[in-house]
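Subject: Structure for your files

Hello,

Here is the structure I said I would pass on. My notes on it follow below.

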There are 4 protein chains.
Amino acid sequence: MGETEGMADLFWPGDARAGDILSDEALIAAMVAVEEAWLDALVGSGIAPAGAAKEDLAALVWPNHRDLLAKESEEGGNPAMALVALLRDGLDHNRDAARWLHRGLTSQDVVDTALMLCASEAVASVRASLRAQVAALAVLVEEHRDTPMVARTLTQHAVPTTFGLKAAQWLTGVLDAYDDVAALVLPVQVGGAAGTMAATVELAADRRDPVETVTMLSLELATRLGLTASTPWHTSRATVTRLGDAAVTCTDAWARIANDVLLLGRPEIGELTEGGGGGSSTMPNKANPVLSVLVRRAALTTPQLASTLHLAAADAVDERAAGGWHAEWATLRTLLRRAVVAGEQTTELIDRLEVHPDTMAATLAAAGDDVRAEQRSMAGLAGHAPGGDYRGATDAFVEAPLARAAGVLAAPAEVSP
Amino acid sequence: MGETEGMADLFWPGDARAGDILSDEALIAAMVAVEEAWLDALVGSGIAPAGAAKEDLAALVWPNHRDLLAKESEEGGNPAMALVALLRDGLDHNRDAARWLHRGLTSQDVVDTALMLCASEAVASVRASLRAQVAALAVLVEEHRDTPMVARTLTQHAVPTTFGLKAAQWLTGVLDAYDDVAALVLPVQVGGAAGTMAATVELAADRRDPVETVTMLSLELATRLGLTASTPWHTSRATVTRLGDAAVTCTDAWARIANDVLLLGRPEIGELTEGGGGGSSTMPNKANPVLSVLVRRAALTTPQLASTLHLAAADAVDERAAGGWHAEWATLRTLLRRAVVAGEQTTELIDRLEVHPDTMAATLAAAGDDVRAEQRSMAGLAGHAPGGDYRGATDAFVEAPLARAAGVLAAPAEVSP
Amino acid sequence: MGETEGMADLFWPGDARAGDILSDEALIAAMVAVEEAWLDALVGSGIAPAGAAKEDLAALVWPNHRDLLAKESEEGGNPAMALVALLRDGLDHNRDAARWLHRGLTSQDVVDTALMLCASEAVASVRASLRAQVAALAVLVEEHRDTPMVARTLTQHAVPTTFGLKAAQWLTGVLDAYDDVAALVLPVQVGGAAGTMAATVELAADRRDPVETVTMLSLELATRLGLTASTPWHTSRATVTRLGDAAVTCTDAWARIANDVLLLGRPEIGELTEGGGGGSSTMPNKANPVLSVLVRRAALTTPQLASTLHLAAADAVDERAAGGWHAEWATLRTLLRRAVVAGEQTTELIDRLEVHPDTMAATLAAAGDDVRAEQRSMAGLAGHAPGGDYRGATDAFVEAPLARAAGVLAAPAEVSP
Amino acid sequence: MGETEGMADLFWPGDARAGDILSDEALIAAMVAVEEAWLDALVGSGIAPAGAAKEDLAALVWPNHRDLLAKESEEGGNPAMALVALLRDGLDHNRDAARWLHRGLTSQDVVDTALMLCASEAVASVRASLRAQVAALAVLVEEHRDTPMVARTLTQHAVPTTFGLKAAQWLTGVLDAYDDVAALVLPVQVGGAAGTMAATVELAADRRDPVETVTMLSLELATRLGLTASTPWHTSRATVTRLGDAAVTCTDAWARIANDVLLLGRPEIGELTEGGGGGSSTMPNKANPVLSVLVRRAALTTPQLASTLHLAAADAVDERAAGGWHAEWATLRTLLRRAVVAGEQTTELIDRLEVHPDTMAATLAAAGDDVRAEQRSMAGLAGHAPGGDYRGATDAFVEAPLARAAGVLAAPAEVSP
């Protein structure tokens, strides 16, 4: 299909960061890759004739086909059928390829597997962002484990804490998200018309063990595409909902950081500065914490998208859902792109962050007596004079997340799905 | 910007039906229209020099600017700032226009007003679909007010009813949605930096009554754009949430129809046929009720989008929300486009619908005795022999929705916002 | 059933404010009221014998029946069937009443109508809260129309405004919510087994016009219960979703106020104080803005409850939804109780609110030059020296909401549904 | 507190199945257990005097205190403060216990830890239900691995399959849910006023290593309560959101079963019967698939509850969220109770399920030629005559879920958290 520059959504500033991930073009390319890998597997197993595999299917789809496919996808109810028709048209010079293309598959196989391929890019991006954040936050925690500041609860000053411990809480959220993302499994879908693989078994009817042949084909497809092998999951959609839940766990963690930056960067507080910062269309000199705003925005929208994936999963019936399955595609696309964008924005936000220990110290000093009231009360109870800075276990509590961070950073950066 | 063919989303089959409504291009065109109308109003009032209004701003934005604007919108956090910069660049030959462009406005004024302009197209489309459905359903009700069928509750046969009464229930849902859509108000947003219009008042400082001048400018903007005048609603977002709620009320009504078509069109039931119908990528002869599936799909996703608009509204703080506002744009876009698409699909679904009175009669006859058990019990209670077809008030209950339908159809097809 | 003290949910502090509204006891009482009104109507019309109406059905249900009914409601899938059985048992001394009880109705009639009765209490409470807020906010706006403060956008200082204008934005949100609540209609549901009223028509078979008799019975029921008459709306649920949407529009408006109080009440800002305020379990002297926290809490949860009502509406199929209908009851209960509670809390919050004009003035003065940058830029453009306080139209913009407030307050406090 | 019979919600038929799990009474009991275990740990470590641990705190709270606590919880914004006050009142005879009660803890410690204790009961119940379902479904799969039926996609007949494979898809969903539930971790929360444990460190100031002492106390608390030890997670809420996501993954899997039972149990299809079945309030002889309806109902509501937990997590700011934390309690309660109820209902549904192989065979035979069209087309392509029953790999595809099921059933039934 040639190069594309990546989509970008004017209604979602920052969307360009996600480039082509889960774009229409990426979905088409992934569906083509699925058809090609399957056709090659059929040929490789001797079921289809050798000539069927000689084609570079990707070359048959041109950029201007996108609009056509988008429009024609309505008739079949999904984008795979229109693509198969387009590819068959493009294969009129190779009758074997045209005849054997897509044999044994159904639309859901192509769409589900292509979505997993596309999702793997999003997951890799999110994982890389999380990893970069783990590294940056671990440094921040170490730097500020002795930076005192006032802790705030329910908007009011509470007791002393350190900025290192606050950053360690941020880090814990990021580590939790990392664990969930790292545990994701992205399988191929190969079930045929109704999850029985009957068509492929029929095609392999003259083999010694047609069912085993078919199982090997499914494994072969997974290997070629870099996905996990699986029996059909047409109507059992935890694969999809876990992707959604993990993505939301990410935006939860990122929003928690953005919230603090927005708050502590207010002019009256001034303990943090986003750094960089956007301007105003009418007010010169105004520096807005744009990254934090945009990250927070994402987190206001993603939980409802993930809930839609669950509702779609719960709508499964028969051997293919009549609406639930169709509701997944755009929802997953939007959710994962937003996670990719917010992930990069959060990394940048952390990198740019300016910490103002002097202001933190000044606020704490000004809060003075009030934030020591609990200390006096405890010291009285224990029967000794209050002493020290009342920082409690702030220094110790950063160790656990730092150790988890070290574990993440010691592991190889990229793992295969 | 020249002609565009309309966007289409491969992940949402049928999206092409919404054409350019709320596309990136439409948003840009609407923002340009807002800037131009405001500049013209400034000139018209004598505040800005006459030369400032001589420009066709739309000619300054080319199709290839879209990607640029989409990318640059991140820096300012919204798409208006990048557009203003682009327009000013394009106006280097007209210093007056460049200097007076956007004066008195803030980004939120431009984005909110442009969104309302874009939304007005979506609302008009949805309203036209609802009206067409009201007309078609009224005919269907009349045709089948004497077509007996079995009523089903909790999946089981209950008592006799008519298909006319079922269609009247469909019609009631559509009429309720129509009422909510017809009540929508789409206002301009003109508040300046923080909803005080201070900049424009300053610009008009030499007028007898600067505040009145400013109020007239706001009214003038509304008139030029075909929207409703309003004081600023920067942080009071019922305008947006009502749009969302009305759109969901539409998809609720449409899904209720699609559900019945999907169910009654099952081969074992066969009382309705979607008509037309999509094929299968591997099974010849299979006719899928694709429109119903796609309408149902929409209704599984829209309630959560509307809830996001409410969450954004509830996030308002200060004189501009730090994330809530930004979460609205893409959410409203997606929600309204899905309503437009599902609206057209439902109209087509009703038009194509094939009703099978013979099958309905046969099912009712087969259910026979069981669906008359209640009748026997009531007749016994009343002390008479059960008689008649036990259709109750089916014939009478269609009158109220038919009368409402007549009212809708008697009103002018299109109203100004 | 005797007196109950009102339920209270430990997991939702403040829930006790909603008293018995939509409690289990209230639902039982409402269902009993529906059965009694219908039985009386049957007798009044001469269909049922006079003796059937002599019973005080409410006396037959005792407090300890609640657990029984709650447990037995599972078998029938709804609470009406178990109640009818209980009432019939209690009527063994009056065979006419036992025989004629519930005749012509179905469970959905009883549950839906009872829910509307219960909802009417919630709506009245919310409406009274909104009205009290309108009155209090109108006073606040008037008091502070000349109280200068800094406007904040995206967390940063922007330009001057007045606290009066901020309060006017709060008022606008409350007025919008009031309009939506005031427009609600609460109808009876009378459809019989499948929305055809066939049973009642059969019972009235010996009348001149059985269908007209039945229509009069439905009207009679509405009159007795103080609800609106309606043809059946078994599967057309805008009645329910509009209740939900209006309730969320309320919590949106209330959260917008709470957000400002939480923010401006931070110790570093100090422009508002919640007044009253909760303590801490470990830190003496700490005053938490508890009402604001609890109001904000509500608004984080209600949009998703309203979206569930829409999903339930979109799930309608046949002549009774198989799950969608059942999902409405608890959802509507929780949503409306939370609205009632948040409404009272917001009224109290406004009443207790302490405004600190001196601090507002000091912050504005400190922001000084920066918040006048736009003014200088505009004055330069207009060719005059910047002058005045740059408050723009703040004084004028409070007039529209004040006028709307006056309209609300001039109308009678309570209207019949 | 004495015996309670378990709550039951009339608005949610079946709720009684959840008994006291996450009831108000259970929350009170759990909070008391937390306070008592902490007090005992303080005494055990020698920080508090021995006399402080002599009390049975649970005996100080009586059933009629529930309403009081529910009402007073509003003032502090959470239920812990009112409870501490009540317990201190009850301890006026033991000054040591009164003085040392709750020392070092904050309300969030008590509420969060108590919620985890309550949640552990819900998780155990759900896990037991899933395990019972795994056992029952494994039997069903084995029994019907050779029971042919027609597969349906998009409501239409597709190709042959077996009921064993359909049941294996059900089983896969249940196994996926089991995996997610089994992976849950339920930690104690011990952070003190702001997550620094400063109060407890102050109390232990005369120890050799106060921080280590405090860490041991936290571990001791976890051991006493049967929960997992953890550093504070005040503002990092994946603990809570994972509970929610796992619960929804359960209801997704259960609804997928219920959907099939509802559909295949329709009189026109008749391939399954729910068994048992509820009646109708007006129609004798009608057997409604009530369990399936109620399970499906749950799944329409839980995804939005889980999304609220995520929104609450993303709302974290400072050292305690101002609303987000408070939104969790009732949401988690409702979500987990619904999962417990739906879990039991699904187990019962599977146990009661009646399978009608003859009807399945008859439907498949009637569909005849159409569902073999793909087979003919594949056989033609492969160059052989179509032969056999076209069941593909149905027999093989049940092996993987059966093996997973065997793994689950081989593991010990109950694990400690």
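**Chain C against chain B**

Four salt bridges are counted between chain C and chain B. One pairing of side chains in a salt bridge is Lys166(B) with Glu319(C), at 3.0 Å from N to O. Please keep in mind that this is a predicted model.

The contact draws on 90 residues from chain C and 90 residues from chain B. Three residues, Glu202(C), Leu381(C) and Phe397(C), supply 10% of the area that chain C buries against chain B, which is more than any other three residues give. The buried area between chain C and chain B is about 7000 Å², and carbon and sulfur atoms account for 59% of that area.

**Chain A on its own**

Chain A contains 15 helices and four strands. Its C-alpha trace spans about 90 × 50 × 35 Å along the principal axes. Of the 417 residues in chain A, 69% are buried. Taking the contacts in chain A between residues at least 6 apart in sequence, 78% join residues at least 24 apart.

As for the surface, chain A has an accessible area of about 11900 Å², and 52% of this belongs to carbon and sulfur atoms. The charged side chains of chain A number 32 positive and 55 negative. How far apart do the centres of the two sets lie? The distance between the centres is 2 Å.

Regards

Definitions and conventions. Residues numbered from 1 in each chain as written. Chains lettered and ligands numbered in written order. Predicted model: local features only at pLDDT ≥ 70, side-chain atom pairs only at ≥ 80, totals over all residues. Heavy atoms only, no water. Helix = DSSP H or I, 4+ residues; strand = E, 2+ residues; numbered from the N terminus. Buried < 20%, exposed > 50% of the residue type's maximum accessible area, 1.4 Å probe, protein only. Contact = heavy atoms within 4.5 Å. Areas by Shrake-Rupley, 256 points an atom, 1.4 Å probe, with all protein chains shown as cover. Lys, Arg positive; Asp, Glu negative; His and termini not counted. Charge placed at Lys NZ, Arg CZ, Asp CG, Glu CD. Buried area = accessible area lost by both parts, 1.4 Å probe.
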